[in-house]
Structures are given as C-alpha cells and as structure tokens.
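The following note sets out several points for a colleague to follow alongside the coordinates. Please read each point with the structure in view.

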Amino acid sequence: MRRISIVGAGMGGLTSAIALRRAGYEVHIFEARPQAGGLASFVDFGGQRFDGGPYILLDREGLEYSFHALGRDFSTDVGPLIRLDPVYSVETPDGDSIQISASVDQTADALEAKWAGSGDLYRAFIQRTHRIHQDLRPMLQRANPTVWHLFRTGGYRWIPFLLGSAGDALRKSQLPQEVVNALGIWTHVAGQSLAQAPGPVSFVPSICHSVGAWVPERGIGTIPESLARVAVEEGVHMHLSTKISRIEVSGGAVCGLVTEAGDRFAADAVVSNVGLSTYLRMLPDDVVPSRVRASLRKLPLQSPGICIYLNAYGRPDNKYLRFLLPGEGALCRSRIDPGALTADTEPCWRPMRLITPLAYQDAQSWSESLVEARIQELFAESWWRTDVQKAEILGWRSPRRWADAFHLYGGAMNPVMTKELMRKGRLRHQSPYVKGLYLAGSGTHPGQWVSFCALSGLSAAQCVMGDT
C-alpha cells in the first residue's frame, strides 16, 4: 500500500483524499486550521453560524458528479437543497433594480417592460450560451484538457468564444448596458472588468435558468463538512492544526512533508491543495525553474475582500442575494440573507452577511483602522436595509484576517480567473517538475466554484492512480 499525503483539507484535498482511500491507498491529510473545509467552511460569530465562503451553488451537477464518483449521494450527504427564485437582483443607488429570476421567460419579460426588444435579445443570448456550455461541459471532467479534446467532443466550434472575454460574449448579445452590467456582476465580485474575465463567465445566466442556483438548507458549509465526515469514515488519517512548511524532494521525487513544528512525515506521493504556495513556498528553490516561478509571481491575485457578519431584525423579503452596483469605478456590494429562504413572515432576528470586494493592491496596503472605517460606511448604507429595522455587527473579516485565518499565499484567495489564466496559466494536476507531486484546488481548474474544486481533487487523484 502506498502512502499519499495531502496538504490542505479544502474541497480539492478532501475529494482527492476520499478517492485515493477508496482506491486502497493509505492517505494522510494535513490541515493548518483546526477544522477542514477551507474557504467554504462555516464560521461562528456571536453565537450565530455563517457560511464563510460562496454565496450560492451554480453547478449542482458538478457536485453530484463528484459525490457519485466518490460512491456517495450528494443529496443524502448534504441534505435538502433550496432553489433560488429570484436568483439575485442588482440595484443602483437611485433605486433601480434588475432581477434575475429562475424562469428565463419571467426574466426576459421584466427586461422587455423596461427596454423594448430586450426580451427576445435575452432569450437568444441564453439559448446561445446554454448550447456552448453543454458542448464544453465534458472538458470540466478532464485532468488536462487540450485542443484535441475540443475536437473530440465537438467543442472546437467555440474556440473563438474561449479565446474571447466575458465582455465580448455579453456585448454580442446587444442587450442594454445596464443589463450587461447586471449579468456580469460576477466579474465585479472578483474585482475584475468584463474585458479581463474569461468567456465562460457569461454562462452564469443560462445556468441559473437551467441547472438552477441552489443553497443547501443547512448552508454551503455542509458540503465540505460532509466530505470531511466521509473522509474519516473511509479511514483517511486527518491531521488538523498541523501546518506543512516544506515538501521534501530527493532525487527529483517527493519523499515527504515537514511540518512547521519540525516533524517529518514520509510519503510516496503528495497532493497539494494550497495553490501557488506549492511552487513558491514549499519546494526547494532549485526544483521549479526560475522562469516558472517568475511567471507565477506575476499572476494577478484576488483579494477575499471585506465581509461583515450581522444579526439583523425585520420581516424577511424573498431576496437571498442582492447586489449594489454603484457605477463606474465604484466597488459593488452584496448582501446574503439566509432568512429569505425561511417560511418566516413575522419580523425576526436572522444572520446576514455584507460583502464588498477590494482591489488586491488596496487589500495589501490598507490598515485595519482604514478597513474598520470602511465597514462602518457599509453598515450605514441604506440599500441593504429595506427589510431590516435594526442590526448589529457580530464580527468581520478584513483581507488580513482572511489571510491569517486561512494561511493564504500573498493574502489572496487564488489567482484571478482571467481569460489568459484559463487559456494557458492553469497549474497542471500532475507536476512537470517533481515526480510524485500532484495539485488540486486553486488555479488548477477553470474557476473557483465549489464544484470545480471538487472536480480538481478527483482529477488529481486520477493522476496519482494513473502513475501507480
């Protein structure tokens, strides 16, 4: 039996661990934090439990596929899912709003009422992007997709789409700019422009209308929580509060891990779920070519931004996810309200999150006092209080607090998923520099959705099994 060590118990590390253990390997997973789950895990403030990471699930099918590949049933392990309707709304400071509903016709009709002719344009846009998404979807389940795979699956016809940006795809829709901005809200959340974002970002509206946008009844955090439970049940050795500082290499091959405390663990292979840290922090300098390290250091990074955890009182409306898009050059904000998914019709106290992105350069330079001032400004804004009579701040996370809590490389969640990174900058699941080293998670898959991270773990495990 070969011993496999996994660095990081995020979604990629957990799925990789379970897949390898089920294949008969001895698996040890090392996590610096006292709990598994990574950025998708729960966090507690003031006696309330909050999702710490993603807002919604936009790729339920990918998660179902991943759980099935692990011999599990997604709905059984995670529990009931709630489909969002409306999915989200995008508001402006003057009170105008664009709402994306689960129904394509309902959304199109609402747009038509504001902009004559936009309803049919929207339907045509959804039909086109849905067709492209379906043709390209098989590529998500391959460890290292190539142009050859595009030709085999019939996706070659969309190569120009893949070479373009989300801005290109949305501009071709000929929809009003206000609608384009609302459909591209996910680029604003990542702190990038539509011109920087890859074309597949434009899939989101069609996914909302087909697969649907979902939230587990008990929160997004139940997904990594359930995977961590399954990993232990399968016999994975879980080492929590154990930070790995170095991957040991001998004769060009991985031979073990060294913890921050100086303990050494021998390993026949290593799966790293810590993104750029793998090559820029953990390996000896002479292992990774200097030109590669220099290229990786140039990748634009995404700050986790600022998150405020609230206890809010009022009668919930039906909007789980709301965005404010102030205008040119201003940062968007989002409000996540799980109370909107309950049957409560009377005023009640409920947990709520306010989030705003922060440009990576600002996140590196802002002091904590400047962040606190920004938090008070966001808290005082009126746009998110339409169904809130009173609220109190239970806690908050600044970029620095995110980085400290999750040991983030460069204080960033991951490389920004630009069109350039998607085309040529993804980290390979099987390292070309060190024998026995494999990568999962951030930077290895075309996006940072929970499902993509799970798929990346499966791909890394498949590479391990293919080599052994």
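1. A term is needed at the outset: helices and strands are DSSP runs, numbered from the N terminus, with a strand (E) holding at least two residues. In this sense leucine 394 belongs to strand β19, which covers residues 390-397. The model under discussion is a predicted one.

2. Over the protein chain the mean pLDDT is 90, and 93% of the residues reach 70 or more. Confidence is highest in strand β2 (residues 26-30), at 98, and lowest in helix α6 (residues 147-153), where the mean is 62. Where pLDDT is low, predicted coordinates should not be read in detail.

3. Apart from neighbours within four places in sequence, leucine 394 contacts Phe45, Gly46, Gln48, Phe50, Tyr309, Leu310 and Asn311.

4. The buried residues are Met11, Gly12, Gly13, Leu14, Thr15, Ser16, Ala17, Ile18, Ala19 and Leu20. After α1 comes glycine 24, which has a positive phi near 100 degrees.

5. How do helices α4 and α5 pack? Helix α4 (residues 104-114) and helix α5 (residues 118-136) pack at an angle of about 145 degrees, and their axes lie 7 Å apart. The crossing of α4 past α5 is right-handed. From α4, the contact involves Val104, Asp105, Thr107, Ala108, Asp109, Leu111 and Glu112; from α5, it involves Ser118, Gly119, Asp120, Tyr122, Arg123 and Ile126. By class, the residues of this contact are five nonpolar, three polar and five charged.

6. Aspartate 85 and proline 86 are joined by a cis peptide bond, with omega about 5 degrees. Proline 86 is located in the loop between β5 (81-83) and β6 (88-91). Serine 241 is not a glycine, yet its phi is positive, near 55 degrees; this serine 241 sits in the loop between β9 (237-239) and β10 (244-250).

7. Histidine 407 also has a positive phi, of about 55 degrees, although it is not a glycine. Its location is the loop between α17 (399-406) and β20 (414-415). With a relative accessible area of 32%, histidine 407 is partly exposed.

8. Finally, where is serine 277 found? Serine 277 is part of helix α13 (residues 277-282). Why does serine 277 count as buried? Its relative accessibility is 5%, and buried means under 20%. Not counting residues up to four places away in sequence, serine 277 touches Met282 and Tyr409.

Key:
Residues are numbered from 1 along each chain as its sequence is written. This is a predicted model: local features need pLDDT of at least 70, side-chain atom pairs count only at pLDDT 80 or more; totals for chains, interfaces and linings use all residues. Side-chain values use heavy atoms; hydrogens and water are left out. Axes are lines fitted to C-alpha atoms, for helices over the stretch in contact, and angles run from 0 to 180 degrees between N-to-C directions. Helices (H or I, at least four residues) and strands (E, at least two) are DSSP runs, numbered from the N terminus. A crossing is left-handed if the near helix is turned anticlockwise from the far one by less than a right angle, and right-handed if clockwise. Contact means heavy atoms within 4.5 Å. Ala, Val, Leu, Ile, Met, Phe, Trp, Tyr, Cys and Pro count as nonpolar, Asp, Glu, Lys and Arg as charged, and the others, Gly among them, as polar. pLDDT is the predictor's confidence in each residue, from 0 to 100. Buried means under 20% relative accessible area, exposed over 50%, partly exposed in between (1.4 Å probe, protein chains only).
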